[in-house]
Amino acid sequence: MYSVKELYRPASLEEALKTLKENPDASLLAGGTDVLVKLRKKKPENVKLISISQLSELKGTGLLDDGTIAIGPCTTFTEIGNDPVIREKIPMLAHAALSMGGPQIQNVATIGGNVCNGAVSADSAPSLFALDAQIVLRTSEGERTTGIEDFYLGPGKVKKNPDEIMVKILIPPRGRRFGCRYIKFSTRKAMDLAILGAAAAVTLEDDKEVIRKAALALGVAAPVPVRCKTAEAYLQGKTLTKEVIEEAGRLALTEANPRDSWRASKRYREALIKELSGRALEAAYKCAGGETYDPNTSDVE
Amino acid sequence: MIQIHLTLNNAPLTIEVEEGETLLEMLRNRLELTGTKKGCEVGECGACTVLIDGVPTDSCLYLAALTDGKEVTTIEGISQNATLSVIQQEFIEKGSMQCGYCTPGMIMTSYALLKKNQHPTVDEIKKGLAGNMCRCGAYQQIIDAVQSAGEKLEAMEKEA
């Protein structure tokens, strides 16, 4: 039994925003797999919760006219993992979703909750960073859009005002010859947090060899997920050779700031950053050249 | 207290629950449906797995009040009168347990898995049951039971 004073179950987004405005001390409850575990550990009393997972306005995915992929924040990881548009266009996000927790958790945990929880190990984060995701937040007065990089402030902290609800995650369109790959490194293949996560997204020139644009993002490599901008700039215009992969991994390390934890030492994480950055880039490069990437059979590394 | 209406094991139910009460607590404490087990209470062991609208869910991390309007199925709901379901029978046949504590959760997840796919590969079973822990280590026999239940279900469908 949690010490819950009020549990609001709004029937619409509008009602949820109004309830939140009237109760600035209330917490939003999506899938609950993080919020309820925190309530159990920290034992705060008389909390107020506003359930939002039932709101149809916040669920599902869609492909907009310009090719942008719109994801409702209350879409579950199971739904993300099985979504045909996500699997075709940005399979690494489906892969990341299916690598998080076990099926029971994936069935209720939501992508918006994963982002708003701000966990350093959030499995969706590296992919969303590498895909330049935009976050749309709404209050009863209006809406604002922010890049996901500006949204993460620190471990467990995101730039969301108490009266705001995340209403969309937008993934800008990709052109042809685009490939992406997420690699999660953990000690167990299932039900484990990432020791390190690396997500790479690569677009090639028409010759299918030269990199037009590369994005590399790491999770658990710093207090917040990071984009490796120096490595990305270095990769632009290059053909991916063994030497280029190694240099990109070395540059990625300069942009990370891993820590010691009981899960893994700083030195071990540093080795992982170099190695996994290279592996993710290589796999994304191959995908951009036409190799397929099945999020179901891609085992957690 | 919040009054909710749900379908529990195929029967309509109206019940009052506390705001902070979990589905697991409602099942075990109010309804004495103690087949669903309390394990880790943080969503790691799967002992408390029930089906919500047919989908395996950890009942320890789900507020009872949020099952309003939904269909909940527990281990008590998959046998008919005194006849066990095929998957339950196969768990017995294959000796898929030692202490039995994980068994109801394992069976509920397997039950949902077999509804979607009667021919799961060993890999698909392992992935499907990744959220259920067995501390006795009866995994091999559990996988055997799921595969054998799938075969039996298919044979029964062919006969029918």
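The charged end of Lys238(A) lies over the ring of Tyr234(A), 4.3 Å from the ring centre. A charge is taken to sit over a ring if NZ of Lys or CZ of Arg is within 6 Å of the ring centre and within 35 degrees of the ring normal. Arg181(A) is likewise placed over the face of Tyr293(A), at 4.7 Å from the ring centre.

This is a predicted model, in which local features need pLDDT of at least 70 and side-chain atom pairs count only at pLDDT 80 or more, while totals for chains, interfaces and linings use all residues. Residues are numbered from 1 along each chain as its sequence is written, chains are lettered from A and ligands numbered from 1 in the order in which they are written, and side-chain values use heavy atoms, with hydrogens and water left out.

**Aromatic pairs**

Over all chains there are two aromatic pairs. Rings of Phe, Tyr and Trp (its six-membered ring) pair if their centres lie within 6.5 Å; planes under 30 degrees apart count as stacked, over 60 as edge-to-face and the rest as tilted. One of the pairs is Phe185(A) with Tyr268(A), edge-to-face, at 6.1 Å centre to centre and 75° between the planes. Phe185(A) belongs to strand S11 (residues 178-185) of chain A and Tyr268(A) to helix H12 (residues 266-288) of chain A, so the pair ties together parts that are 83 residues apart in sequence. Tyr268(A) is partly exposed, with a relative accessible area of 39%; buried means under 20%, exposed over 50%, and partly exposed in between (1.4 Å probe, protein chains only).

**Ala109 of chain A**

Ala109(A) is found in the loop between helix H6 (103-108) and helix H7 (111-117) of chain A. Helices (H or I, at least four residues) and strands (E, at least two) are DSSP runs, numbered from the N terminus. Ala109(A) counts as buried, at 5% relative accessibility. Its contacts (heavy atoms within 4.5 Å) beyond four places in sequence include Gly31(A), Thr75(A) and Met100(A).

**Sheets and strand pairs**

Chain A has an open antiparallel sheet of five strands, in the order S4-S5-S10-S6-S7. Strands S4 (61-63) and S7 (143-147) of chain A are at the edges, each with a single partner strand, so one side of each has no neighbour in the sheet. Neighbouring strands of this sheet are turned by 20° against each other on average, direction ignored. Helix H1 (residues 13-22) of chain A lies across S6 and S10 of chain A, at about 125° to S10(A); axes are lines fitted to C-alpha atoms, for helices over the stretch in contact, and angles run from 0 to 180 degrees between N-to-C directions.

Three strands of chain A form an open parallel sheet in the order S1-S3-S2. Its twist averages 30° from one strand to the next.

Two strands pair if DSSP finds at least two bridges between them. Some pairs are listed below.

| Strands | Sense | Bridges |
|---|---|---|
| S6 (residues 134-138) and S10 (residues 165-171), chain A | antiparallel | five bridges |
| S1 and S3 (residues 47-51), chain A | parallel | four bridges |
| S1 (residues 2-8) and S2 (residues 11-17), chain B | antiparallel | seven bridges |

Ile135(A) has Ile169(A) in S10(A) as its bridge partner, and Val4(A) stands opposite Val47(A) in S3(A). In chain B, Thr7(B) is bridged to Pro12(B) in S2(B). The hairpin of S1(B) and S2(B) has two residues between the strands, and Asn9(B) takes a positive phi near 50° there.
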